[in-house]
Amino acid sequence: MTQTKPKLLIIEDDPGLQKQLRWSLDAYDVAVAGDREAALAQLRRHEPAVVTMDLGLPPDPDGATEGLATLRQILALAPDTKVIVLTGNQDRSHAVNAVAMGAYDFHQKPCEPELLSLVIQRAFVLYGLQQEHRRLQQSQADSPLAGIVTRDPAMLKVCRNVEKVAPSSATVMVLGESGTGKELIARALHQLSPRSKERFMAINCAAIPETLLESELFGYEKGAFTGAVKQTKGKVELAHGGTFFLDEVGDLPMALQAKLLRFLQERVIERVGGHEEIAVDVRIICATHQNLKTLAGTGRFREDLYYRLSEIVLTIPPLRERSGDAVLLAQHFKNRICRQEGRPALTFGADALAQIAHHKWPGNVREMENCVKRAVIMASGTVITAEDLDLDTDIDQSAPRPFNLREVREKAEYQAVVAALAEVDGNIVKASELLGVSRPTLYDLLERHDIRASAA
């Protein structure tokens with residue numbers, strides 16, 4: 001039965017106390033050690049979650065030197081282990097030092113079995129919670145959507161749709177302003193799909209000259225043009241079995257739009273200078289910050305290609321429309337960049353948070369990341385100020401910010417009541433119906449907010 005019990009290591013050099021502790025702590029699978037060498041051997045062998053130890057270990061049973069040295073090694077080998085120090089009244093200062101070094105708690109001798117058992121039980125619970133938290137963090141970090149930090153309902157809906165769409169073979173169009181994370185969504189679609197073990201190839205249609213774009217996409221045969229000294233596969237062919245991501249597809253030239261349409265219909269390509277049709281199995285994901293429907297209406301984008309590419313459309317909202325995400329992202333980037341740059345933890349000052357919340361972020365998440373990185377590097381103290389951010393946000397500092405949720409709720413109530421009364425020309429009955437409240441409730445709201453309304 002002992003294999004089902006939690007493992008507890010007792011470090012105690014007194015045989016009588018060893019026996020007493022074993023007996024009183026029979027709810028645990030107890031291992032015992034009488035000195036530092038035995039304690040470290042048991043630690044390596046059993047990896048216990050909780051350790052109780054006497055600081056007075058040989059060869060210094062009347063002092064704490066050997067016990068503190070043992071504690072230091074235990075925490076170095078197993079930093080998550082909860083160490084409970086057992087100490088007498090005269091050793092209280094040593095116990096405090098032990099806790100400062102990283103011990104979980106200390107308990108006074110002579111031990112009260114029930115109280116010590118309670119302390120040990122709490123240590124096991126805390127250890128279990130920390131391990132579970134670590135597992136959750138790891139699973140989130142391994143998720144393809146881990147890079148998306150949001151609480152905004154619209155953005156959360158995009159993430160849910162990614163999870164729904166990814167397993168399918170549908171062609172996906174990702175729409176959004178520059179810097180919103182379109183490639184991040186495209187990579188998540190690939191990693192959550194059955195094609196995840198194959199290649200993800202990406203090309204930016206706006207970054208490659210028109211004369212080179214066709215050969216980049218479809219490859220070329222030897223001698224197809226000056227400098228074509230060998231047969232070269234294009235990005236589409238290299239992505240066979242995987243996913244091909246066309247970024248800024250709205251900048252694709254008309255001639256190549258026709259060839260891309262043919263590939264989407266026939267699933268075959270021809271290299272530049274070649275005549276052989278090559279079958280390619282690849283999933284197409286495209287992205288653009290432009291309105292392709294408008295471009296199609298003006299003749300700058302093929303309408304038939306637009307409908308082929310937009311089997312599924314995912315629209316990423318700009319950062320300025322993602323409620324509360326600006327500050328959330330800023331905190332996320334600040335913490336990550338501090339770790340990368342080896343800087344101690346920094347905090348945002350109130351003026352900096354106000355600027356972050358009010359800035360329009362035309363460059364979206366990319367602009368946010370660059371701004372926070374600059375601020376982390378430039379900050380001279382432990383607080384990032386508005387000056388460190390160097391944003392051009394014009395904030396009315398005289399305007400009071402909401403102090404708490406009650407203020408926000410009352411402001412929203414006031415605005416809703418005023419808007420409803422305006423819409424029904426002051427009719428209390430209609431206004432109460434519009435607001436979904438009874439007439440007495442509406443009268444209470446009118447009185448509370450000092451709003452006048454004409455009699456119904």
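**View A. Pro153 in helix α6.** Pro153 sits in helix α6, which spans residues 153–165. Helices here are DSSP runs of H or I with at least four residues, strands are E runs of at least two, and both are numbered from the N terminus. This is a predicted model: local features need pLDDT of at least 70, side-chain atom pairs count only at pLDDT 80 or more, and totals for chains, interfaces and linings use all residues. Residues are numbered from 1 along each chain as its sequence is written, and side-chain values use heavy atoms, leaving out hydrogens and water. Pro153 is exposed, with a relative accessible area of 58% (exposed is over 50%, buried under 20%, partly exposed in between; 1.4 Å probe, protein chains only). The C-alpha atoms of Pro153 and Arg322 are separated by 8.0 Å. Along the chain, these two residues are 169 residues apart.

**View B. Thr243 in strand β10.** Thr243 belongs to strand β10, residues 243–247. Thr243 is buried, at 0% relative accessible area. Its side chain makes a polar contact of 2.7 Å with the side chain of His190 (a pair of N or O atoms within 3.5 Å; within protein, one must be able to donate a hydrogen and the other to accept it, and residues adjacent in sequence count only if both atoms are side-chain atoms). Not counting residues up to four places away in sequence, Thr243 also touches others, including Phe200, Met201 and Val282 (contact: heavy atoms within 4.5 Å).

**View C. Domains 1 and 3.** Domain 1 covers 7–140 and domain 3 covers 320–389; the bounds come from an automatic or database domain assignment. Their centres, taken over C-alpha atoms, are separated by 42 Å.
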